Amino acid sequence: MRATAVVLVVTLCACAPSTPLPTAPPDAERGATVFVGARLLSGTSDPPIEDSAFVVEKGRFAFVGARSAVIIPEGAAWVDLTGKTVMPAMIDGHSHIGYVRGTTSGPANYTRENIIDHMHRFAYYGVAASQAMGSDFGLLPYLMRDQLAAGVDPDAARFLTAGRGLAPPSEISPSNMRHAAFVVTTEDGARADVVELSSRGVRIVKTWVDDRGGANTQKLAPNLYRAIIDEAHQRGMRVAVHATGVADAKELLRAGIDIFAHMISDVDDELEALFREHPGTVVLPTLPAPRLAVHAPQFESPPALLTDTISHAQIERARAQRAALTGEAATRAQESWAKLARGVARLHAAGVKLGLGTDGGGQNGGFIGWTAHAELENLVAAGLSPAQVITIATRNTAQILGLDDLGLVAPGKSADFIILDANPLDDITNTRLIADVYLRGHRVDRALLKSTFAKEMVAK
Ligand SMILES: [Zn+2]
C-alpha cells in the first residue's frame, strides 16, 4: 500500500498541473470502525465526553457521542481506547515547508522529497494540515498541495500554500525565505501578483510589513498593502501579514487585513478597539521563537518524541544558539516574551479569534511538527487554559484556513485525530504522549515514519 502511494506521488508530480487527481487510497474506503472508551475532546468548547464512542466510516466520523448511545454498524471493527484521550488532529496556520533538512536550511533543499518528508513529520506529531506562509516557489507547491489533498500519501499531512509572498525589495535577499517572493513596487504590479496567485488556487496571500527593528527603512508602504488587500478580497482571497509593530498593526486593521501571522509587540486600548471594529481579523501568535529565548528545557533533556525526528547535532546547535543569548540580550528577550504573553491574554480576553502558528521550518522557528506542541505550552504559559488552547489549535485554525472538514471530532468531518496516553487538560504537555495518529480514517504508520527519520539522521 505504502510503496504504491510513493510511486504515485513521483509519477503524478512529473505531470502537468491539469492531470486528473488520483482516487483516494483504498484504506479510506474500508468498512466502519468503532472506537470506544476514550475521554473525547471534540475541539469545541464543550466539556469532554468521558466514556465516548465514535464511528469512522469511509475516512469520516459517522457517529460521535457517549458509548451508551452508539449504534454499531454491521461488521464494524472495534478499537478499545479505555484510559486514552482523543482530540482532533491539530492545524498549523504558519509554517515554512521544504527548506530545513538536517542542520542545513535553504532553497536548495526545496524538493518534492523534502516537502513530503516535512508533511510526514507533521503527521507524526498529530498535525493534519500546515499552511506554508509565502516561502514557496515554482509550480511544485501547487502540485504537492493537490496531490496531498487527494491523499496519495496516506501518512502525510495536507500541505497548504500561500505560493510566493509579496514583499518590498528591502525584504528580499538570496539567502532568506523571501528570495523568490514577488517584488512589490507599484499598486498595479501588486494587483497582478495577486491575480496570478488566484489563478493557482491560492486562498491566503502572504505579505510583510516590518521595519526589522529600524534596520529596514523601506518597509511595504500602506498604499501597496491596501492594493494587495483590495485585490485579494475582490477575488475571495484573504491576506496574512508578518507585522509586529503596533503602529503598523493599526494601519493594517484599518486597511482590512485578515490575518496577523505573528503576535503584535504591544497591545494598547486603541489596538483592542480596532480589533473590536474588525471582528473578522484573527491572530496567529506564533510564539515558538520568542519563547525559545526564555524557555527551552527540551534542549537540556530532549524528550523521546523530539529525538524521534531530530538528531543530537540539531539539538546541540539549537542549544548553543540559545546559550549565546546572555546579559542584556537575555534580559530583553525576557521582557519581550512577558509583553507578548500579556498581549496574547488581553486579545483573547477581548474576544479576538486566535489560531495556531509555529513558523516551523522557518529560520528561527524551531522544529517541524514539534513546534505545534511547543506552541500549545506557550499559549498556556500566556495564561490561556488547556481546553481553550486545544480549541485554538484545532477548530479555530481550521476555520481560519477555511478547512471545513477538519478541526473537530464531529459527524461528517474528516477522521483526523490524535490518541493520547494522558489527559492534556491536566497538563498541556500531555499532547506529546501520542499513542496513535489517524488522518482521513487511516492509522498513520508512525513506526515506519520513525525508522525513516532515523535513517535520515544517520545519512546527515
Ligand atoms: Zn514565517
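This is a predicted model: local features need pLDDT of at least 70, side-chain atom pairs count only at pLDDT 80 or more; totals for chains, interfaces and linings use all residues.
Trainee: Which residue ranges make up domain 1 of the chain?

Mentor: The domain assignment divides the chain into domain 1 and domain 2. Domain 2 covers 89-401. Domain 1 is given as two ranges, 30-87 + 410-448.

Trainee: How many residues does each domain put into the contact?

Mentor: The C-alpha centres of domain 1 and domain 2 lie 29 Å apart. The contact between them draws on both domains, with 22 residues from domain 1 and 22 residues from domain 2.

Trainee: Which strand gives the most to the side of domain 1 that touches domain 2?

Mentor: Two strands, strand 18 (417-420) and strand 19 (434-439), each supply at least two residues of that side. By type, the residues on this side of domain 1 are 11 nonpolar, 6 polar and 5 charged. The top contribution is 3 residues, and it comes from strand 19.

Trainee: Which strands are the edge strands of the open sheet of 5 strands?

Mentor: The order in this sheet is 2-6-18-19-20, and the pairing is mixed. An edge strand pairs on one side only. That applies to strand 2 (39-40) and strand 20 (442-443).

Trainee: What is the bridge partner of Met87 in strand 18?

Mentor: Strands of a sheet pair through backbone hydrogen bonds, either parallel or antiparallel. Strand 6 (residues 85-88) and strand 18 run antiparallel and are joined by 4 bridges. For Met87, the partner in strand 18 is Ile418.

Trainee: What should helix 2 span, at 1.5 Å a residue?

Mentor: Helix 2 has 13 residues, 112-124.

Trainee: How many residues of helix 2 are buried?

Mentor: The buried residues include Ile115, Asp117, His118, Arg121 and Tyr124. Just after the helix, Gly126 takes a positive phi of about 85°. Helix 2 is largely enclosed by the rest of the structure, because its buried residues number 10 of the 13.

Trainee: Is Glu231 buried or exposed?

Mentor: Glu231 lies in helix 5 (residues 222-234). A residue needs 20 or more other C-beta atoms within 10 Å to be called buried. Glu231 has 22 C-beta neighbours inside 10 Å, so it counts as buried.

Trainee: Which residues is Glu231 in contact with, leaving aside its neighbours within four places in sequence?

Mentor: The C-alpha atom of Glu231 is separated by 8.7 Å from that of Ala192, 39 residues apart along the chain. With neighbours within four places set aside, the contacts of Glu231 are Arg191, Val194 and Val195.

Definitions and conventions
Residues are numbered from 1 along each chain as its sequence is written. Domain bounds come from an automatic or database domain assignment. Two residues are in contact if their C-beta atoms, placed from the backbone, lie within 7 Å. Ala, Val, Leu, Ile, Met, Phe, Trp, Tyr, Cys and Pro count as nonpolar, Asp, Glu, Lys and Arg as charged, and the others, Gly among them, as polar. The expected span of a helix is 1.5 Å times one less than its number of residues. A residue is buried if 20 or more other C-beta atoms lie within 10 Å of its own, exposed if 12 or fewer, and partly exposed in between; C-beta atoms are placed from the backbone. Two strands pair if DSSP finds at least two bridges between them.
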